[in-house]
Amino acid sequence: MAILIKNANEVITMQSHVEGPRRKEQMSELGLMKDVCVLLDGEQIVMIAPLEELEATFPHLVQSAEVIDATGKIIMPGLVDCHTHLVHGGTREHELNMRLSGKTYMEIMNAGGGIHYTTTKTREASFDELYEKTYNHLNDFLRYGITTVEAKSGYGLDWETEKRQLEVAKKLQDTHAVDVVSTFMGAHAVPAEYKGNEEAFVELIINDMLPKVAELGLAEFNDVFCEKGVFTPEQSRRILEAGKAYGLTPKIHADEIEPYEGAELAAEVGAISAEHLLVASDEGIEAMAKAGTIAVLLPGTAFFLRAPYARGRLMVDSGVPVAISTDFNPGSSPTISLPFVQNLACMNMGMTMEEVLCATTVNSAYAINRGNEIGTLENGKKADVLILNVPNYKQLQYFYGMNHTDTVIKAGKVVVKGGQLL
C-alpha cells in the first residue's frame, strides 16, 4: 500500500553528500526541505518532492496512495537507539536510594547489586517471561519514535542465559515492528562463581561462548566492559580479537568510570564504536578520530548516576563521529525516551539541536552497520518515518522532556497514530 504524506511544515531528510557517519560540521546538515511531499510504497521510500512532480512521475501510485495530512507538523527519519541492554529480568529501583545516599556504581556492584543482581533475575526468568517483558518495552520505544534498537546480552554470564537473551532478541526481530539488532556481551562482568578466577571466565568466553554465538548466528557484534575491576585492556583486547575471528564486529564499553585506555583500545582493534566514554582521555579521543570509530554517548546514564557527562562537544570538534543512545538498562539508565536523551545531550554535553538529530538517526544507524538502510529519508531506503507534532525541529529541544511523536511509519506501515499504538 502506497502512502503519501503532504503539507508538512518541514521535512528533515538528513540527506548529505557524505558517505558514512558524519563528522564535525557534517553533523549539522539536516537536509531540510519545505513544500514537498513524501511518497512511500511497500517498505521503501519512493521519492520526496513537490506534489506536482510526484503526480507527474508516479501518477498511478499517487492516485492510489493513502494520504496522511501532516499540516503543522514535521517529518523526519525514525530514531535509531544503538546501545541498549534490552532483554533482562527484574528491576533495580531499590538501588536508587543507595545511590542518592552516596553509594557509587562500583560500590553497589561489589555489594552484590548492579549487574550481579540483574544477572540473578535474568537467570531465573524463563524465555516466555523475558519475551513478554521485552515486547512491552519495544512497544514503549515505538511510541517514542524509535524504530530500530540494538540489544546487548550480558545479564546471563553463563552460556544458557546468554543464549536465551539472544534468542529472545532474535524472536522479537521476527515478531515486533521494531527492528532488533543483536550484540553478544558475555564480557559484561565477571560472575560471582568466577571471583578470583577471572582468567578462566575470559577463556570460557573466548573458547566456548564466542564460537557458539557465531555458529548459531545469534549476534552481529561482540562487546566487552573494559573497566577497572571488570575486564582489563589486555583481556578486552583478547576477547574482541577472538570475536573478530568468528566474524563478530567489535564494540567496547570504554572509559565509563575511570580512564582505562578503552578509547585507545577501540581504535586499535578497529571497533565500529566505543560507548560511554565519560572519562575518555584526549589521546583516546584523538585515536578514535583517526580510526573513524563512532563514539556512542549515553547522557541518560550520566544523568541517572549523577556522573560527569562525556565531552561531546570536544569529540564533535575533534572529528569523532558521534551517536547518542538511551543505554536502556535496569540499573544505570532505565529510560526508553531517546528524545529526552537528545535534550540532555544539548543541555549537558554542548551539542547543538542539529547534531543531536544526526546522532540519533544517521550516525546511530552507522554504529550498528545499518547506515545504508536507515537513518535518512532517501529514495530506496527503508520507509521508517516519523511525523512529529511540532511546527519546526527546534521545538524538539525547546519543549524538553516531552514525547512529540504523532505518527510512526515502520517499513511502510503505520504502527503509531495520534501517539497510540495500532
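**Close-up views of a predicted model**

View 1. Threonine 301 counts as buried because its relative accessibility is 1%, and buried means under 20%. The structure shown is a predicted model. Threonine 301 sits in helix α12, which covers residues 299–305. Which residues is threonine 301 in contact with, leaving aside its neighbours within four places in sequence? They are Glu256, His276, Thr326, Asp327, Ser332 and Ser333.

**View 2. Helices α10 and α11.** Two packed helices are described by the distance between their axes and the angle between those axes. Here the pair is helix α10, residues 262–269, and helix α11, residues 282–291. Their axes come within 7 Å and cross at roughly 20 degrees. Angles under 35 degrees count as roughly parallel, so α10 is roughly parallel to α11. The crossing of the two helices is left-handed.

**View 3. Residues where α10 meets α11.** From α10 come Ala263, Glu264 and Ala267. On the side of α11, they meet Glu283, Gly284, Ala287, Met288 and Ala291. Sorted by class, this contact has five nonpolar residues, one polar residue and two charged residues.

**View 4. The largest nonpolar core.** This core has 116 residues. Which residues have the most contacts inside the core? They are Phe231, Leu277 and Met351. Helix α8, residues 198–216, gives the largest share of the core, with seven residues.

**View 5. Another nonpolar core.** A core of 18 residues lies apart from the largest one. Among its residues are Val36, Ala70, Ala383 and Ile387.

Note on methods:
Residues numbered from 1 in each chain as written. Predicted model: local features only at pLDDT ≥ 70, side-chain atom pairs only at ≥ 80, totals over all residues. Heavy atoms only, no water. Axes fitted to C-alpha atoms, helices over the stretch in contact; angles between N-to-C directions. Helix = DSSP H or I, 4+ residues; strand = E, 2+ residues; numbered from the N terminus. Parallel < 35°, antiparallel > 145°, perpendicular 65-115°, else oblique. Left-handed = near helix turned anticlockwise from the far one by under 90°. Contact = heavy atoms within 4.5 Å. Nonpolar A, V, L, I, M, F, W, Y, C, P; charged D, E, K, R; others polar. Core = buried A, V, L, I, M, F, W, Y, C linked by side-chain atoms within 4.5 Å. Buried < 20%, exposed > 50% of the residue type's maximum accessible area, 1.4 Å probe, protein only.
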